[in-house]
Amino acid sequence: MEKSLVIPTIVAEDEDLIRNSLIKKLSSDPAIRVVGAAQDGKEALEMIHQFQPDLLLTDIRMPIMDGIELIRNVDKYYPRIRIVITSGYSDFEYARQAILYNVVDYLLKPISANELAGTLARLKAEFDHPSYGQNMKGAFQQGATPEEIVAKVQSYMRDNFSKELSLEKIAANFNFNPSYLSKIFVKHTGEPPSKFLITLRINEAKYLLIHNRGLSVKEVGEQVGYADPYYFSRIFKQVTGQTPTEFQK
């Protein structure tokens, strides 16, 4: 029997009535499972760490952490997650910032049931496609600034973290000296490429452990780029404080 499509979803909206209305509309679609509802971006990001959703619907204007900062964090470390912006503000600047990240739609409030259904239909078609999560983002352009280089390297790592990657291999792909690439990466992100890669891999591992329970720990490790299951378990525990088996329970 074919498995039904289920899309774990988190909603971030600071106004209670709007948030509850949005959840009600989403829940009318049998493919959508709302696993978390947040009142601000910081709370939403914590829920993303915990529940590893496939879809995030977020408002722009929220306290503590706004929607732009939230999607910037999500795009950086959770390339799998698709994002839909909901906003009462039609200012083009917000839309312009949003398209820099993994945003698939921008819905203006009040959101109609038909408009939301159309967005969900497009997303379901994407999630149900066998190649979901495996899209490449284009080749590196020469003559780029250091910031553009780092952004393109991050994009490359997001697309290829499941493969065998090393700083040397990444640098060679862009025709850079490894030490130079590491230096500018740290300068513009505050962390070395190796830490960024580990974060990508462990986030994906958490997703697989939660949503693909039929996979063994060894298989999960292999899918996120760790051929050695013992090394994978050690790295996973260093990052999360739990072994993969403990996390899954």
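Modeller: A residue is called buried when its relative accessible area is under 20%, exposed when over 50%, and partly exposed in between, with a 1.4 Å probe and protein chains only. By this rule, buried residues make up 43% of the 249 residues in the protein. The model is predicted: local features need pLDDT of at least 70, side-chain atom pairs count only at pLDDT 80 or more, and totals for chains, interfaces and linings use all residues. Residues are numbered from 1 along each chain as its sequence is written, and side-chain values use heavy atoms, with hydrogens and water left out.

Colleague: How many helices and strands does the protein have?

Modeller: Helices (H or I, at least four residues) and strands (E, at least two) are DSSP runs, numbered from the N terminus. The protein has 12 helices and 5 strands.

Colleague: Which residues have the most contacts inside the largest nonpolar core?

Modeller: A nonpolar core is a set of buried Ala, Val, Leu, Ile, Met, Phe, Trp, Tyr and Cys residues joined through side-chain atoms within 4.5 Å. The largest one here has 38 residues, and I48, L56, L70, V74, V153, M157 and I170 have the most contacts inside it. Among the elements that each supply at least two residues of this core are β1 (7-12), α2 (41-51), α3 (67-77) and α9 (193-211). A second, separate core of 15 residues includes I23, L26, L107 and L120.

Colleague: With what is I48 in contact, leaving aside its neighbours within four places in sequence?

Modeller: Contact means heavy atoms within 4.5 Å. With those neighbours left aside, I48 is in contact with I10, P53, L56, L70, V74, Y78 and I81.

Colleague: What is found at the start of α3?

Modeller: A polar contact is a pair of N or O atoms within 3.5 Å; within protein, one must be able to donate a hydrogen and the other to accept it, and residues adjacent in sequence count only if both atoms are side-chain atoms. At the start of α3, a side-chain oxygen of D66 comes within 3.2 Å of the backbone nitrogen of I68. Elsewhere, the side chain of T9 reaches the backbone oxygen of I7 at 2.9 Å. T9 lies in strand β1 and is buried, with a relative accessible area of 0%.

Colleague: How many aromatic pairs does the structure hold?

Modeller: Rings of Phe, Tyr and Trp (its six-membered ring) pair if their centres lie within 6.5 Å; planes under 30 degrees apart count as stacked, over 60 as edge-to-face and the rest as tilted. The structure holds 7 aromatic pairs. One of them, F232 with F236, is edge-to-face, at 5.9 Å centre to centre and 65 degrees between the planes. Because F232 and F236 are 4 residues apart in helix α11 (residues 229-240), about one helical turn separates them. F236 also forms an edge-to-face pair with F247, at 5.6 Å centre to centre and 70 degrees between the planes. This pair links distant parts of the chain, 11 residues apart, with F247 in helix α12 (residues 244-248). Ring pairs link Y226, Y231, F232, F236 and F247 into a cluster.

Colleague: Where does the charged end of R201 sit?

Modeller: A charge sits over a ring if NZ of Lys or CZ of Arg is within 6 Å of the ring centre and within 35 degrees of the ring normal. The charged end of R201 sits over the ring of Y226, 4.9 Å from its centre. Likewise, the charged end of R80 sits over the ring of Y207, 4.0 Å from its centre.
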